Amino acid sequence: MAINIQSTNTISANGLKVLVYGQAGAGKTTLIKTLPKPLILSAEGGLLSLRKENLPFIEIKNMPELREAHRWLYESEESKQFESIALDSISEIAEVVLGSEKAVAKDPRQAYGAMQDTMTALIRAFRDLPGRHVYFSAKIEKQQNEMGQLLHSPAMPGQKLGQMLPYFFDEVLALRIGQNDKGEVQRMLMCASDGIWTAKDRSGQLSMWEPADLGAVMQKIGGN
């Protein structure tokens, strides 16, 4: 086998792969409009917040539809018009998979194990789409630790899959809502963990807090 030596300075050319999680109403779906030329794969049906944006989307109701969407994105010339792919949300997709597995499994543990295997393969398949930015949104999981602190992380069915999820991505960002100095509601992306909220930025280019604009984040990282 021939050895192919590459340079790390070409990694950004393959697109930014980012996971963003947050509470309901934080604006995870609205964040999609800040992506360059996005196509939405919607498993939640909650696109009302984008009704004025005229963005293209594919409704995902089951696993065959999701696999067909991936095949089309990978093989079709038509799909190359889209620079960004948004899976909204990966948590909901996992619930669909788990429901399918529970319908055929005799043991619930078997269903969770099959769901984990399926989702691991799917996440990697979409994450590794060449030359595309890929945005995964996720619901939020809140768990209390032994010190009584409420920890926040991306939510997935099954404890093991939820723990694994952040390791699939270089960028794991928490979308949070607060108030600025004028008392106005402000949405910000938290890009580094404070021990309470899970977040990471392997690029090293992002500040602790960034505006809720994925296009600006990509520019800052150099992933355009």
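**Helix packing and a cavity**

Modeller: In this predicted model, α1 passes α3 in a left-handed crossing.

Colleague: Are α1 and α3 roughly parallel or roughly antiparallel to each other?

Modeller: Helix α3 covers residues 108–127, and its axis lies 11 Å from that of α1. The two helices pack at an angle of about 25 degrees. Angles under 35 degrees count as roughly parallel. The relation of α1 to α3 is therefore roughly parallel.

Colleague: Which residues of α3 make the contact with α1?

Modeller: On the α1 side, the contact is made by Met63, Leu66, Arg67, His70 and Leu73. Facing them from α3 are Thr118, Leu122, Ala125 and Phe126.

Colleague: How many residues of the contact of α1 with α3 are nonpolar?

Modeller: By class, this contact has one charged residue and two polar ones. The nonpolar residues in the contact of α1 with α3 number six.

Colleague: How much space lies in the largest cavity?

Modeller: Rolling a probe the size of a water molecule over the atoms shows where empty space is left. Searching the whole structure for cavities of 30 Å³ or more gives one. The space in the largest cavity is about 40 Å³.

Colleague: Which elements give two or more residues to the lining of the largest cavity?

Modeller: The lining consists of Ala43, Ile60, Lys61, Asn62, Met63, Leu66, Ile93 and Val96. The elements giving two or more of these residues are α1 (63–75) and α2 (90–104).

Colleague: How many residues in the lining of the largest cavity are nonpolar?

Modeller: The lining has one polar and one charged residue. Its nonpolar residues number six.

Notes: Residues numbered from 1 in each chain as written. Predicted model: local features only at pLDDT ≥ 70, side-chain atom pairs only at ≥ 80, totals over all residues. Heavy atoms only, no water. 1 Å grid on protein atoms, 1.4 Å probe; cavity = no way out; pocket = protein on both sides within 12 Å on 5 of 7 lines; lining within 4 Å. Points joined across faces, edges and corners; volume = space filled by probe spheres on them. Helix = DSSP H or I, 4+ residues; strand = E, 2+ residues; numbered from the N terminus. Nonpolar A, V, L, I, M, F, W, Y, C, P; charged D, E, K, R; others polar. Axes fitted to C-alpha atoms, helices over the stretch in contact; angles between N-to-C directions. Parallel < 35°, antiparallel > 145°, perpendicular 65-115°, else oblique. Left-handed = near helix turned anticlockwise from the far one by under 90°. Contact = heavy atoms within 4.5 Å.
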